[in-house]
Amino acid sequence: MLRYGQSALRTIPRSARPPPHLRPLVQFSRSLVCSSVSQQGFQDSQTSAQTAKAKTFPIASRLREGRALALDVWSVFNAANLPPDCINLGQGYMNFAPPPWAREAAEEALRSVEGNHYSPPKGRPAVRTGLDPETEIVVTSGANEGQYAAWTAFLEPGDEVIMFEPFFDQYWPSIVFNGGKPVYVPLHPSTERAPGTLVGKKTWSVDWDELRRAITSRTKMIVLNTPHNPVGKVFRRDELERLARVAEEHDLIVMSDEVYESLVFDGQEHVRFATLPGMWKRTITVGSAGKLFAATGWRVGWLIGPPALIGPTTAATTRIVFCTNSPMQEAAAAGLEHAHEHRFFETQRTEYEARRAVLVDAFEKLGLEYAWPEGSYFILLNISRVRWPEDYYFPETIEGRGRDFKAAWFMANEIGVSSIPVSEFYCKEHVSIGENYARFAFCKDLLTLRRAADRLQRLRAFLV
């Protein structure tokens with residue numbers, strides 16, 4: 001084990017040392033090791049006086065159980081740890097701006113007096129339109145905070161929440177921090193060829209018997225995500241009707257995460273779960289201005305549902321953040337108000353279909369299987385055929401994780417395109433499903449995607 005202050009690079013043969021751009025990650029890994037060593041009571045001879053004075057405190061178990069203390073995938077595949085010219089198709093943020101009329105509304109709010117002060121905890125009136133603004137909608141600091149508030153409002157210690165795997169990684173800690181117990185039902189990859197493709201596969205599916213077996217007397221909620229991150233699955237109406245029957249039979253609350261609702265392709269139908277017979281009374285529908293308007297930094301979301309669900313959630317979010325950013329709420333309101341006259345969503349969908357086609361064509365040329373993305377802006381590539389030299393250098397942060405972590409790291413450093421390993425979105429028992437896939441985001445401009453597609457052809461030399 002390294003002693004505090006010892007150089008990690010000195011323990012690596014010069015020929016196997018990481019290139020310069022990796023050394024910050026090695027340093028970061030070393031700092032984690034040093035922190036761990038310090039917490040266990042070991043002292044470095046040069047800093048023993050300082051260490052002896054340092055006091056540590058017990059850490060709440062919820063951080064460990066919620067995977068908050070683990071080095072997350074976003075830190076490992078941060079741009080600072082990758083080659084400077086690596087094209088980032090891993091993280092789902094855009095490299096283009098939101099619509100100008102929405103940005104202008106934020107600027108106007110900043111020039112006003114009230115736009116610089118607290119908003120009502122329920123949200124600014126301009127956003128809460130089309131429903132009962134007092135009882136059926138609450139504006140939140142991003143969709144994620146809204147979901148956290150809902151779990152705060154309804155979960156008791158030991159209550160179980162069913163999630164379809166792969167899941168958005170923020171679900172897990174938000175449920176655990178509020179005393180809930182995540183229960184995992186994996187979606188299953190298809191072996192059927194997607195229409196109009198050579199190697200693309202149809203979207204993933206639910207094993208309904210598996211879902212029913214996962215339900216117990218402690219089950220309180222089911223989390224639905226459609227369109228789905230990271231699979232790109234759009235749940236069909238008949239699938240949602242089956243899920244509705246399950247929810248009704250077991251009296252479950254449904255958290256319906258529909259933040260990618262505007263990105264449904266190929267003429268498919270996005271069905272709001274709450275519109276199905278009997279589902280309004282038990283559904284919290286999650287929306288996001290960041291996903292609708294290419295503005296992930298706004299951190300404006302909303303929850304829609306009946307008063308019995310929105311009322312307690314509003315009480316919780318008021319105590320968590322009190323209110324949401326005022327100028328960005330005005331931007332979201334302007335976006336919603338003017339989107340129709342600008343045909344914004346129709347145009348955006350067409351643009352995203354063109355972006356999707358760039359990556360699909362690249363994968364088809366490589367002959368690598370992928371899951372056909374019906375919605376959202378993610379596509380899963382099967383990377384089980386990717387191989388790298390036996391002596392290839394991987395940082396310690398990659399060791400002990402799914403095979404997909406090594407594949408994604410290798411592709412980022414040698415091919416020059418980053419992605420996200422999908423096993424991060426699974427429980428330990430189901431990692432074997434996810435480690436065959438890497439997630440690529442196509443929420444980038446066409447020029448960037450074409451450059452990435454060209455680079456990806458280099459991967460051919462590392463396929464078996």
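This is a predicted model: local features need pLDDT of at least 70, side-chain atom pairs count only at pLDDT 80 or more; totals for chains, interfaces and linings use all residues.

Let us start with helix α6 (residues 142-154) and helix α11 (residues 307-320), whose axes come within 8 Å and cross at roughly 110°. An angle from 65 to 115 degrees counts as roughly perpendicular, and α6 and α11 are therefore roughly perpendicular to each other.

Which residues meet here? On the α6 side you will find E145, G146, Y148, A149, A150, T152, A153 and F154, and they meet A308, L309, P312, T313, A316, T317 and I320 in α11. Sorted by class, this contact of α6 with α11 has 10 nonpolar, four polar and one charged residues.

## A sheet of seven strands

Next, have a look at the open sheet, in which seven strands follow the order β2-β9-β8-β7-β6-β3-β4 with mixed pairing. At the edges stand β2 (137-140) and β4, each with a single partner strand, so one side of each is left without a neighbour in the sheet. On average, neighbouring strands of this sheet are turned by 20° against each other, direction ignored.

## Around strand β3

Strand β3 (residues 160-165) runs parallel to strand β4 (residues 181-186), and six bridges join the two. Here E165 is found opposite P186 in β4. To get from β3 to β4, the chain passes through helix α7 (residues 171-177), making a β-α-β crossover that is right-handed.

β3 also pairs with strand β6 (residues 219-225), again in the parallel sense, over four bridges. In this pairing, E160 stands opposite T219 in β6. Packed on the sheet is helix α9 (residues 237-250), which touches β3, β6 and β7 (253-257). The direction of α9 makes about 165° with that of β6.

## Another helix pair

Finally, turn to helix α5 (residues 100-111) and helix α12 (residues 326-338). Their axes come within 7 Å and cross at roughly 145°, and the crossing of α5 and α12 is right-handed.

What makes the contact between α5 and α12? From α5 come W101, A102, A105, A106, A109 and L110, while α12 contributes P327, M328, E330, A331, A334, G335 and H338. By class, the contact of α5 with α12 has 10 nonpolar, two polar and one charged residues.

Key. Residues are numbered from 1 along each chain as its sequence is written. Side-chain values use heavy atoms; hydrogens and water are left out. Axes are lines fitted to C-alpha atoms, for helices over the stretch in contact, and angles run from 0 to 180 degrees between N-to-C directions. Angles under 35 degrees count as roughly parallel, over 145 as roughly antiparallel, 65 to 115 as roughly perpendicular and the rest as oblique. Contact means heavy atoms within 4.5 Å. Ala, Val, Leu, Ile, Met, Phe, Trp, Tyr, Cys and Pro count as nonpolar, Asp, Glu, Lys and Arg as charged, and the others, Gly among them, as polar. Two strands pair if DSSP finds at least two bridges between them. A crossover is right-handed if, with the strands pointing away from the viewer, the path from the first strand over the helix to the second runs clockwise. A crossing is left-handed if the near helix is turned anticlockwise from the far one by less than a right angle, and right-handed if clockwise.
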